[in-house]
Amino acid sequence: MTCSPELAHSEVEATLGRLIARGYRFVHPRDADGELVTVVGVRMHETVVDVVRLDAEDDVTATRMPYDEPNILEPKQILWRRNGDMDSVVDELLELPDDEYAEPAPSHRMGKGCWVPNGSGRAKWLQATA
């Protein structure tokens, strides 16, 4: 059975809506010509960062990493990762407890801040100073 484009589109919207409801923020990395490369959702919580990369409905990667990972799009330390179709990967990601794999971090390293895109599909964590 194949889905109509309208049904597939509404399923993608519903899945993105579930991620947004859980606090994911999205960036849309583009190539040198300005073409959309992928859709990336990022959520920082507790002492971890969850990233979901949607390249296609059947090509989704979700990753959990420590909050201080310098490059969230190509992390060196991975706590959890799944690849596969959108529904199964996002379901597994959203079922993870917020504090799973999280080690207590020193209080001086925790704080408020945000991920800021710095070109070429990369982002950097900027710690709030005030």
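**Entry 1**

I began with A62 and found its bridge partner in β5 to be R82. Strands and helices here are DSSP runs (E, at least two residues, for strands; H or I, at least four, for helices), numbered from the N terminus. The model is a predicted one: local features need pLDDT of at least 70, side-chain atom pairs count only at pLDDT 80 or more, and totals for chains, interfaces and linings use all residues. Residues are numbered from 1 along each chain as its sequence is written, and side-chain values use heavy atoms, with hydrogens and water left out.

I then counted the bridges between β4 and β5: there are five, in the antiparallel sense. I take two strands as paired if DSSP finds at least two bridges between them.

How enclosed is β4 by the rest of the structure? Seven of its eight residues are buried, so β4 is largely enclosed. Buried means under 20% relative accessible area, exposed means over 50%, and partly exposed lies in between (1.4 Å probe, protein chains only).

**Entry 2: the rest of the sheet**

I followed β4 back to β3 and found eight bridges, again in an antiparallel pair. The two strands make a hairpin with two residues between them. Within this pair, V51 stands opposite T63 in β4.

The whole sheet is open, with five antiparallel strands in the order β1-β2-β3-β4-β5. Its edges are β1 (25-27) and β5, each of which pairs on one side only. On average, neighbouring strands are turned by 15 degrees against each other, direction ignored. Helix α2 (residues 86-95) packs on the sheet and touches β3 (48-56), β4 (59-66) and β5; its direction makes about 160 degrees with that of β5. For such angles, axes are lines fitted to C-alpha atoms, for helices over the stretch in contact, and the values run from 0 to 180 degrees between N-to-C directions.

**Entry 3: cores**

I looked up nonpolar cores, meaning sets of buried Ala, Val, Leu, Ile, Met, Phe, Trp, Tyr and Cys residues joined through side-chain atoms within 4.5 Å. The largest has 14 residues, and L19, V52 and L93 have the most contacts inside it. The elements that give it two or more residues are β3, β4 and α2. The most come from α2, with five residues.

I listed the contacts of V52 (heavy atoms within 4.5 Å). Beyond four places in sequence, they include L19, Y24, V90 and L93. Another core, of seven residues, lies apart from the largest one, and V40, M65, Y67 and I72 are among its members.

**Entry 4: R18**

I placed R18 in helix α1 (residues 5-21). R18 counts as partly exposed, because its relative accessibility is 35%. Its contacts beyond four places in sequence are V90, D91 and L94. R18 and D91 are 73 residues apart in sequence, with 9.6 Å between their C-alpha atoms.

**Entry 5: confidence**

I checked pLDDT, the predictor's confidence in each residue, from 0 to 100. The chain mean is 80, and 69% of residues reach 70 or more. Confidence is highest in β5 (residues 80-84), at a mean of 96, and lowest in β7 (residues 123-127), at 62. Over residues 102-110 pLDDT stays under 50, and the model has 13 contacts for them beyond four places in sequence. Where pLDDT is low, the predicted coordinates should not be read in detail.
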